[in-house]
Amino acid sequence: MPVVQYKCPNCGGSLELNANSHTFDCAFCLSSFEESQLKDQFKSNEEMPLNEIPAEEQQTQDSSDFAEHTSLYSCPNCGAQIMSEDTTAATFCYYCHSPVILSGRLSGEYRPEKVIPFSMDKESAVEEFRKWCSKKWFLPRGFFSKDQIEKLTGVYLPYWLVDYRADASMHALGKRVRTWRSGNKEYTETQEFDLNRRAIIDFDNLPADGCSKADDKLVEAVEPYNYSELRDFSMAYLSGYLAEKYDVAKEEVYPRIKERADTAAMQYLRESMVGYTSVTPISKDVTMLSVKWHYTLLPMWLMTYKYGGKDYFFAMNGQSRKIAGKIPISIGRLLAFAGGVTAAAGLAAYIITAFIG
Amino acid sequence: MKNKILSVLFTLVILTVTAAVPLSAKEAGYVFDDAGLFGNTSSLENDAKALSDLTGWNIMIITTYYADGKETRVYAADYYEKYYEPSSDCVLYIIDMDNRENAVVCGGEGEYWISDNKQNEILDRTTPLLKEKKYDKAAKAFLSAVEYYYNDGEGGTGAPPKPFDWSKVFVALGIGAVVAVISVLVVVKSYKVLAAPPGAVYMDRKETEFKEKSDVFIRKYTTSRVIESNSGGGGGGHSGGFSSSSGGHYSGSSRSF
């Protein structure tokens, strides 16, 4: 399996994607290149057959000493051994911190069709993170300490984007109820309607992550992505970030996709039944007409934190900056807050009852 | 021998004289706990005596399990007249376990100082305590209220300070705790930001087309019901002037507990 790096044509230093300008910058000679300028080099990297890879860049995988899902590679820059999990597609050398792309992990069926590049660098991500934390009074200090912030990592997560066409139908009983009074009697008039809806509904790029390590709820919560920025996949976009290849096949994510689409389709049909006091569904059905899969990498900033023996997660959309997470709460601060609220609300209640009574 | 006969005769004379004069209330005390509701009467005795000395009125606190078929206020007035002249200056408080009522009865000057309104204000304080079986506290509340009204003057319009009600504090703390629990739950929930956008976000509404969209009327029906009117109920008790069994005039107010 080949290991590639994107090198600066001027000085040979490692090139990294600049998330703000979407150019490829050299941290050593400060050169900056457009994608078109480096097209030839990118092309040779991405189309490089395994048997043509220079000997020094050949993988020196030795799985015998490692667990089943761990592999060793040589850093093309310094020659150090890089250990990675078998789903890792892009990482850093631990010693020289050069970005390394394990191109073999992104070949064949694992080659993504599309990618949305990061639109914010780590500095901006940290700034967003700090801004968000400043509004969270109950966060333990350790959560946004310098050491912890260092763990904020930009990752391209594997996603299945699905174009889904469904034939959805709903049969329901609609009721219109009118009430009025006359003398000492109250009258209720009820009109019943037989409601039928059937529609062909298209979903474009309905996403489901294909990474078993990712918390499905967490990564769904940072959606949606702006798909107008989808680009044809190029490994160069991964330079400077971590990347994972999918390990959850599309057949496995299909039930999640279908449930999400079916729920949305039913909601759409239900919303078209307007002007009724109540609507009671009698039967509903969704039939999938066609489905088209696009294996895509989407950018995300991730961080995990251990607090009180539990794992907490923070995620930020690497494009829209939308934040999600299950974050820790400082028990001390929460108890202080609870005590304050009890005293304040209790005092208010006492004053009100004394005033009334 | 002669001396012994004289001594016995003297004793007989003394006994005859003392038997002919009714035992005064001041000698018998101020608290007549016939129902045995008070744990320790000595404190109440002292307070009632102090109030009696202050006001110059006869102060009497009575409890009973048997009201002899009489209305509570009349029983209290009759009880008072065992020791004092009818309609003399007095303020009485009775806890009648037979009729499950408590009452304030005033005679003579007491009638003018402790009006019907003030009697009812006293009962406002004592009745809740009786419902909680706090008989001693009810009697003390009566004494402190009468003392306040006396100090406030004959035409005074003030109301005695209510005793500190700890139950209100506990209720307020309970409300505070409930609010705190709800606030904490809201905070905890807000620290789990995991709501995914609905699938409808990915729906291509331009391409979506309805193949069928029909609303067919089935039927119509009307039902009716009679609107019931609510009528409120009132509480028990008496208030105003009344007469004792001997014809003495008093004013008094009573209330059920």
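## Strand pairing across the interface

Lys326(A) has Lys192(B), a residue of β5(B), as its bridge partner. In this predicted model, β5(B) and strand β15 of chain A (residues 323–326) pair in the antiparallel sense over 2 bridges. Two strands are taken to pair if DSSP finds at least two bridges between them; strands (E, at least two residues) and helices (H or I, at least four) are DSSP runs numbered from the N terminus.

## Extent of the contact

Chain A contributes 65 residues and chain B 51 residues to the contact, defined by heavy atoms within 4.5 Å. About 5,100 Å² is buried between the two chains, with 61% of it on carbon and sulfur atoms; buried area is the accessible area (1.4 Å probe) that two parts lose on being put together, summed over both.

## Salt bridges and contributing elements

There are 4 salt bridges between chain B and chain A, each a side-chain nitrogen of Lys or Arg within 4 Å of a carboxyl oxygen of Asp or Glu. One of them joins Arg219(B) to Glu192(A), with the closest N and O atoms 2.8 Å apart.

On the side of chain B that touches chain A, α8 (166–190), β5 (192–193) and β6 (209–226) each supply at least two residues. β6(B) gives the most, with 18 residues.

## Basis of the values

Residues are numbered from 1 along each chain as its sequence is written, and chains are lettered from A and ligands numbered from 1 in the order in which they are written. Local features need pLDDT of at least 70, side-chain atom pairs count only at pLDDT 80 or more, and totals for chains, interfaces and linings use all residues, while side-chain values use heavy atoms, with hydrogens and water left out.
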